[in-house]
Structures are given as structure tokens and as C-alpha cells.
Amino acid sequence: RPRLLPVVIPPIAFVMVSLDALVVVPALPSIHGDLGGRPAGLQWLITSYNLTFAAGIITAAALGDRFGRLRVFLAGLALFTAASAACAVAPDLSLLIGFRALQGVGAAVVTPLGLTLVTAAFPAERRGAVVGIWGGIAGLGIAAGPLVGGAVTEGLDWHWVFWVNVPIGLLAILGSRRVLTERRGPARPLDVPGMLLAGIGVAVLVWALVQAPDAGWGTGRTLGALATGAALVAAFLGWEARTRAPMIPLGLFRRAQFSAAALANLLMVGAVFAAAYLTSQFFQIARGDGPLDAGLHMLAWTATPLLVAPLAGRLFDRVGARVLAVPGLLAQAVGF
């Protein structure tokens, strides 16, 4: 088997996953015009995907260790592909939001296990370059998301924003079965209570933040949801501190380097998705641009990872993370 194929096939799947994080953004005004609903509902088209994506990643990694990483990876691809088809035929906004959440579950499986399967195929001294190649190929999804979403929405219809995932998903499943080998990690029990407490707690907090501008920040519904979400997250932290097989080993956060990296990534991703959501609507609603023009305007921002990620991966093996991360975060801040 050519050595290039194991590093190409999983990122193709991740292209599909990252594409859907932003591909729907230029289509939001068209979806609103077709299905109606409140502005908060449109936010949930983004939030439901990212919420289940974030909540499921660690659980997906544990499932891969137990049942086989390739097997679970293929199951995640199949779920994502099927959920994409369901989004395309959703008759109302509520069902579309639900199917977007299922897409997020599939994405949560594909992302960590795809990267694990890639890095396991190469020796440690080459993994920085391999991850850089992964990032560059996967950056296609981030770069193309707003552009593809705008072009498809304007040229065809917003439903095709989701249909485009179906052939990509099927090709990724067939390619993965042919070029990737099954691997397992150390078996560990699933932290089901931790998974439920974290998922429900974060979902309640996000729901409170999304609906608060309409309902009012001081209303009983908003304050009650914020308090409930905070209590569930606190219960999650208490459970993780005493269970034998935690979903998130809290001891990791005693390492300053880990905590700083996690916080930086949280803030950066939050800023990027918030800006993408608002910027696309600014172009279309405030300026009157079409979906394709909005996608083109955002391309200068979203295309740069294609050029930077492979180079950063190669440099990481030589200079380490700090030399790259600090200027990168400063560049992101200056850009905003």
C-alpha cells in the first residue's frame, strides 16, 4: 500500500466534518426564509453540531480503544453521512437542528479516531509532519466551508449543502476499509455518568446563553437554566475527581502547559465560530451580498490554514509548540 494513502484518506473524512462546521453559515438566511423560526433557532443549527461534537470526542476515543478504532471510525462516518442526508430532507427547523446534532456525534467519532489511525501508521519522529499534512488537507474543509455553502445555496438550494456530504462520506468509508488497518488501545471502562453529566450540563448552559437575549437575562427561566447547568458541571467535576476511570483525568490540569493550551484552544475556537456566524450574516443582511459573495469574502480568512498548517507541522518537529503558538495567537488577535 502506498504510504501516502493512510495519511490522505482520514483527512478526507475530516474535510467533510470540518466543512459542515461552517458550510451552513452562508445558508442561514436562506434556511430562515424557507423554514422560518426565531433567530435563536438559527444559532442552534451551529450550536447543536458543535455541542455534540465536543461532548462526544472523549467517549468516541474510549469506544475506539475497546471495540477497534477503525470499526468505530467507520461507524462514525456512516452516522455522519446518514445524518447529512436527513438534514437535506428535514421538513422543519426543529428536525433540522436534531439531525445537525446527530451530525455532531458522527463528527466526534471521526475526528479523534481518524487522527489516531494516521499517526499510528508512522514513527514518532515523523508525526509532526504527518499532523501538518493532516491539518493542511483538513484545512480544505475550513477554507471551503463558507465558499461551498455560498455557491451551493446560490446556485442550487440550501438542501444541497447537506447532500454534498453523502458522496464524500461513502467514498471515505470505502477508502478507509481498503487502506487502513484495525488498531486497539488499552481497554478501559466507559465513564457513562461523567458523559451524561458533562453533556447535559453543557447543553443546559448553552441553551440558557442562546435563548437569554430573547427571554431576558434576569428571567427565572434563564437564571434557572444557568444555575442548573452550573450545578451539573460542578457535579461532573466532583464525579471525575473520585471515579476510578474518569472521562477527563483532572490531574492533567495541574500541568500549566496543558491548562494553558486547553484554555487557548477554547478561546480561539469560540472566537472563530462566533465571528464566522456573525460575519456571514453581516455580509448578507447588512450589506446585501449574496451567499456566494459572502463565502468569497470569508475565503481570505479561512484559506490560510491550507498554507500554514503543513509548514507549522514541519517546524514543530524542530522548534516546538511555543515558538509557533504565541505568534499564531497574536496574529489571530490582530486579525480580529
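This is a predicted model: local features need pLDDT of at least 70, side-chain atom pairs count only at pLDDT 80 or more; totals for chains, interfaces and linings use all residues.
Colleague: Why are H4 and H8 called roughly antiparallel?

Modeller: The axes of helix H4 (residues 69-88) and helix H8 (residues 165-179) cross at roughly 165 degrees. Angles over 145 degrees count as roughly antiparallel, and H4 and H8 are therefore placed in that class. Their axes come within 9 Å, and H4 passes H8 in a left-handed crossing.

Colleague: Which residues make the contact between H4 and H8?

Modeller: On the H4 side they include Leu-70, Phe-73, Leu-74, Leu-77 and Phe-80. On the H8 side they include Val-166, Gly-169, Leu-170, Ile-173 and Arg-177. By class, this contact has eleven nonpolar, five polar and one charged residues.

Colleague: What makes H9 and H10 roughly antiparallel?

Modeller: The axes of H9 and helix H10 (residues 220-242) cross at roughly 160 degrees. The cut-off for roughly antiparallel is an angle over 145 degrees, and H9 and H10 therefore belong to that class. The two axes come within 8 Å, and H9 passes H10 in a left-handed crossing. The residues of the contact divide into 20 nonpolar, six polar and two charged.

Colleague: What is the make-up, by class, of the contact of H11 with H12?

Modeller: Val-272, Ala-275, Ala-276, Ser-280, Phe-283 and Gln-284 in H11 meet Pro-291, Ala-294, His-297, Met-298 and Trp-301 in H12. By class, these are eight nonpolar, three polar and no charged residues.

Colleague: How do you know which helices line the second largest pocket?

Modeller: Helix H3 (39-67), helix H5 (93-120) and helix H9 (192-215) each supply at least two residues of its lining. The largest share, eight residues, comes from H3. The lining has 16 residues, of which Thr-52, Ala-55, Gly-56, Val-105 and Met-195 lie nearest the centre of the pocket. The volume of this pocket is about 240 Å³.

Colleague: What classes of residue make up the lining of the second largest pocket?

Modeller: The lining divides into eleven nonpolar, five polar and no charged residues. Gly-56, one of the residues nearest the centre, counts as polar, because Gly is placed in that class.

How values were computed. Residues are numbered from 1 along each chain as its sequence is written. Side-chain values use heavy atoms; hydrogens and water are left out. Axes are lines fitted to C-alpha atoms, for helices over the stretch in contact, and angles run from 0 to 180 degrees between N-to-C directions. Helices (H or I, at least four residues) and strands (E, at least two) are DSSP runs, numbered from the N terminus. Angles under 35 degrees count as roughly parallel, over 145 as roughly antiparallel, 65 to 115 as roughly perpendicular and the rest as oblique. A crossing is left-handed if the near helix is turned anticlockwise from the far one by less than a right angle, and right-handed if clockwise. Contact means heavy atoms within 4.5 Å. On a 1 Å grid over the protein atoms alone, a cavity is a set of points where a 1.4 Å probe fits but cannot get out, and a pocket is an open set with protein on both sides within 12 Å along at least five of seven lines; lining residues have an atom within 4 Å of a point. Grid points are joined across faces, edges and corners, and a volume is the space filled by probe spheres set on the points.
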